[in-house]
Amino acid sequence: MVEFTYVKLRGRIIEKYGTLGRFADEVGLSRVSVSKKMNGESQFSKNDIVTWSRLLEIPPEEYGSYFFA
């Protein structure tokens with residue numbers, strides 16, 4: 001199974017929202033759910049990627065470097 005690291009994504013969240021908790025509130029997920037996704041314990045759905053990218057101002061051509069690295 002391929003494991004992804006989300007260092008760049010985590011950095012963008014902190015840059016835009018200050019904490020993962022604030023971002024979780026904004027995206028409408030529990031802090032635990034966001035943490036599990038960020039730690040690879042839960043997968044990102046297509047909807048997650050689109051929603052998170054919209055909130056974090058990540059253009060589609062950069063999805064790979066944030067969600068599949």
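The following conversation goes through some terms used for this predicted model and sets each one against its cut-offs.

Mentor: Before we start, keep in mind that this is a predicted model, where local features need pLDDT of at least 70, side-chain atom pairs count only at pLDDT 80 or more, and totals for chains, interfaces and linings use all residues. Residues are numbered from 1 along each chain as its sequence is written, and side-chain values use heavy atoms, with hydrogens and water left out.

Trainee: Why is Lys-37 called buried?

Mentor: Buried means under 20% relative accessible area, exposed means over 50%, and partly exposed is in between, with a 1.4 Å probe and protein chains only. Lys-37 has a relative accessible area of 9%, so Lys-37 is buried. Lys-37 lies in helix 3, where a helix is a DSSP run of H or I with at least four residues, numbered from the N terminus.

Trainee: What makes Lys-37 and Asp-48 a salt bridge?

Mentor: A salt bridge is a side-chain nitrogen of Lys or Arg within 4 Å of a carboxyl oxygen of Asp or Glu. The side chains of Asp-48 and Lys-37 meet at 2.8 Å, N to O, and this pair is a salt bridge. It links distant parts of the chain, with Asp-48 in helix 4 and Lys-37 in helix 3. The two residues are 11 residues apart in sequence, and their C-alpha atoms are 9.9 Å apart in space. Asp-48 is buried, and so is Lys-37.

Trainee: Which residues does Lys-37 touch, leaving out those up to four places away in sequence?

Mentor: Contact means heavy atoms within 4.5 Å, and on that count Lys-37 touches Tyr-6, Leu-29, Ser-42, Gln-43, Phe-44, Asp-48 and Trp-52.

Trainee: How do you know that Lys-37 lies over the face of Phe-44?

Mentor: A charge sits over a ring if NZ of Lys or CZ of Arg is within 6 Å of the ring centre and within 35 degrees of the ring normal. Lys-37 is at 5.7 Å from the ring centre of Phe-44 and lies over its face. Likewise, the charged end of Lys-8 sits over the ring of Tyr-66, 4.7 Å from its centre.

Trainee: How many salt bridges does the structure hold, and what are the others?

Mentor: The structure holds three salt bridges. In one of them, Glu-57 pairs with Lys-16, the closest N and O atoms being 2.9 Å apart. This pair links distant parts of the chain, with Glu-57 in the loop between helix 4 and helix 5 and Lys-16 in helix 1, 41 residues apart. Arg-31 and Asp-25 form a salt bridge as well, at 3.4 Å from N to O, and both Arg-31 and Asp-25 are exposed.

Trainee: Why is Glu-57 called exposed, and why is Lys-16 called partly exposed?

Mentor: Glu-57 has a relative accessible area of 52%, so Glu-57 is exposed. Lys-16 has a relative accessible area of 35%, so Lys-16 is partly exposed.

Trainee: Why does Arg-12 have no salt bridge?

Mentor: Lys and Arg count as positive and Asp and Glu as negative, while His and the chain ends are not counted. For Arg-12, which is buried, the nearest side chain of opposite charge is Glu-15 at 4.5 Å, and this is not within 4 Å, so there is no salt bridge. Arg-12 lies in helix 1 (residues 7-17).

Trainee: What makes the pair of Phe-23 and Trp-52 edge-to-face?

Mentor: Rings of Phe, Tyr and Trp (its six-membered ring) pair if their centres lie within 6.5 Å; planes under 30 degrees apart count as stacked, over 60 as edge-to-face and the rest as tilted. Phe-23 and Trp-52 are 4.9 Å centre to centre with 80° between the planes, which is edge-to-face. Phe-23 lies in helix 2 (residues 20-27) and Trp-52 in helix 4 (residues 46-56), so the pair ties together parts that are 29 residues apart in sequence. Both Phe-23 and Trp-52 are buried.

Trainee: How many aromatic pairs does a search of the whole structure find?

Mentor: The search finds eight aromatic pairs. One of them joins Phe-4 and Tyr-6, which is tilted, at 6.5 Å centre to centre and 45° between the planes.

Trainee: What is the largest nonpolar core made of?

Mentor: A nonpolar core is a set of buried Ala, Val, Leu, Ile, Met, Phe, Trp, Tyr and Cys residues joined through side-chain atoms within 4.5 Å. Of the 17 residues in the largest one, Leu-9, Phe-23, Met-38, Phe-44, Trp-52 and Phe-67 touch the most other members. Its largest share, four residues, comes from helix 4.

Terms used:
Helices (H or I, at least four residues) and strands (E, at least two) are DSSP runs, numbered from the N terminus.
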